[in-house]
Amino acid sequence: MSKQKQIISVVVLLVVVIVGWRYLFRDEVSVVKHRLTSLAQDLSVKEKSPLDAVLGGRKIASYFSENTKVKLTPKAMLLGRERIAEYATAGRSKFDFLEVAFHDVKIKIDGSIAHVTCTATTTRKDGVKDAMEFRITFEKISGEWLISEVEPVQTIG
Amino acid sequence: MKRLMNLAVGQNPGRTLIRASILAVIALIIFKFVFIPMRVSGHGMDPTYPLGAFNFVNTVAYWLGEPKRGDVVAIEMAGRSVMLLKRIVGLPGETLESRDGHIWIDGKQLNESYFDNPFPIDKITLRQDEYFVIGDNRREAAELSDYGKVSSAKVIGKVAF
């Protein structure tokens, strides 16, 4: 084998090892960030379908801990995973298109707790976007990062 | 052909590459930190800045002076990827309220057209690090619109045009 081929083989092997290592042993910040990205995808609605709404609602609830506390406004709060599933199902059935995204995500890990600040946006079919700042707390329960608390931050108020 | 190549890369391609790189870095810094490009994605500032309007946020606008009443400013949220666009109504230390379809500041009525028919504002006195902001669109329901006090630290710049 020529020297050039040897160098290429070593580089390829190194890249595979690094990518594999990062995939298998992802740091907690990346894991939490990935959870948020998946949540945004599951919160998004591509077409109106009652079945999808129910399945989507269940899937969304799986991101939350059993005793989760989700503050929607200063006065309205959802308590528990079951309420999240109901609310998400009802919410999803109202839209035939909704794109959800999290921006400017900052994550601070403190043992088995992850403190997240971010801006969530929802984009409707007509392109109109709504934005809200959130503080989200994740808790590592049985090896899985679950949302234990969500609180909106009043940028203007 | 040679003339065309000369036009494209100059007589010294190495030097041209360096110049182009410097220019790219300067443009990147300017558009990332100084004149941040933005696109309006809501109706809160209709009709002044309608949905889809393109503009820039001038982040150095307040280096030498404080925001003034009537300025349209960008307000950062968790970061600068998504910002709120609002008009400054109240300045630090002022007392304001809305009544009779107008905004009253320290007991005096504001006459600027963009402050007509304001949303309900209960009498409020701003702290020295607070501004009162509101959107130009009064056709929106007040409960759907974000308006109120904002910390001066959140005001990141003035809309350029």
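A residue counts as exposed when its relative accessible area is over 50%, and as buried when that value is under 20%. By this cut-off A:S142, at 77% relative accessibility, is exposed. The structure described here is a predicted model.

- Within the area that chain B buries against chain A, 39% is supplied by B:M77, B:A78 and B:V82, more than by any other three residues.
- Chain B contributes 21 residues to the contact, and chain A contributes 17 residues.
- Between chain B and chain A there is 1 salt bridge.
- This kind of link joins B:K154 to A:E133, with 3.3 Å between the closest N and O atoms.
- There are also 8 residue pairs in polar contact between chain B and chain A, counting pairs in which both residues have pLDDT 80 or more.
- On the side of chain B that touches chain A, at least two residues each come from β3 (72–76), β4 (83–90) and β10 (148–151) of chain B.
- Of the elements on that side, β10(B) gives the most, with 3 residues.
- By residue type, the side of chain B that touches chain A consists of 9 nonpolar, 6 polar and 6 charged residues.

**The largest nonpolar core**

- The largest nonpolar core has 24 residues, and the members that touch the most other members are A:F64, A:V116, A:I136, A:F138 and A:I147.
- Two or more residues of this core come from each of the following elements of chain A: the helices α2 (28–43), α3 (50–61) and α4 (81–93), and the strands β1 (64–71), β3 (99–110), β4 (113–123), β5 (129–141) and β6 (144–153).
- The largest share of the core is that of β4(A), which provides 4 residues.
- Apart from residues up to four places away in sequence, A:F64 touches A:V70, A:R81, A:I84, A:L146, A:I147 and A:V150.

**Individual residues in chain A**

- A:A114 belongs to strand β4 of chain A.
- The relative accessible area of A:A114 is 0%, so A:A114 is buried.
- Beyond its neighbours within four places in sequence, A:A114 is in contact with A:V32, A:I107, A:K108, A:I109, A:I136, A:T137, A:F138 and A:W145.
- A:S38 is part of helix α2 of chain A.
- Because its relative accessibility is 17%, A:S38 counts as buried.
- A polar atom of the A:S38 side chain lies 2.9 Å from the backbone oxygen of A:H34.

**A buried residue in chain B**

- B:V159 is found in strand β11 of chain B, which spans residues 155–159.
- With a relative accessible area of 5%, B:V159 is buried.
- Leaving out residues up to four places away in sequence, the residues that B:V159 touches are B:Y49, B:N55, B:F56, B:V72 and B:L85.
- B:V159 and B:M5 are 154 residues apart along the chain, and 41 Å separates their C-alpha atoms.

**Backbone features in loops**

- In general, most residues other than glycine have a negative phi, and most peptide bonds are trans.
- The peptide bond between B:D46 and B:P47 is cis, with omega about -5 degrees.
- B:P47 is located in the loop between β1 (35–39) and β2 (54–58) of chain B.
- A:S142 is not a glycine, yet its phi is positive, at about 50 degrees.
- The loop between β5 and β6 of chain A holds A:S142.
- B:D100, another residue other than glycine, has a positive phi near 55 degrees.
- The position of B:D100 is in the loop between β5 (95–99) and β6 (102–105) of chain B.
- B:D100 counts as exposed because its relative accessibility is 63%.

Conventions
Residues are numbered from 1 along each chain as its sequence is written. Chains are lettered from A and ligands numbered from 1 in the order in which they are written. This is a predicted model: local features need pLDDT of at least 70, side-chain atom pairs count only at pLDDT 80 or more; totals for chains, interfaces and linings use all residues. Side-chain values use heavy atoms; hydrogens and water are left out. A nonpolar core is a set of buried Ala, Val, Leu, Ile, Met, Phe, Trp, Tyr and Cys residues joined through side-chain atoms within 4.5 Å. Buried means under 20% relative accessible area, exposed over 50%, partly exposed in between (1.4 Å probe, protein chains only). Contact means heavy atoms within 4.5 Å. Buried area is the accessible area (1.4 Å probe) that two parts lose on being put together, summed over both. A salt bridge is a side-chain nitrogen of Lys or Arg within 4 Å of a carboxyl oxygen of Asp or Glu. A polar contact is a pair of N or O atoms within 3.5 Å; within protein, one must be able to donate a hydrogen and the other to accept it, and residues adjacent in sequence count only if both atoms are side-chain atoms. Ala, Val, Leu, Ile, Met, Phe, Trp, Tyr, Cys and Pro count as nonpolar, Asp, Glu, Lys and Arg as charged, and the others, Gly among them, as polar.
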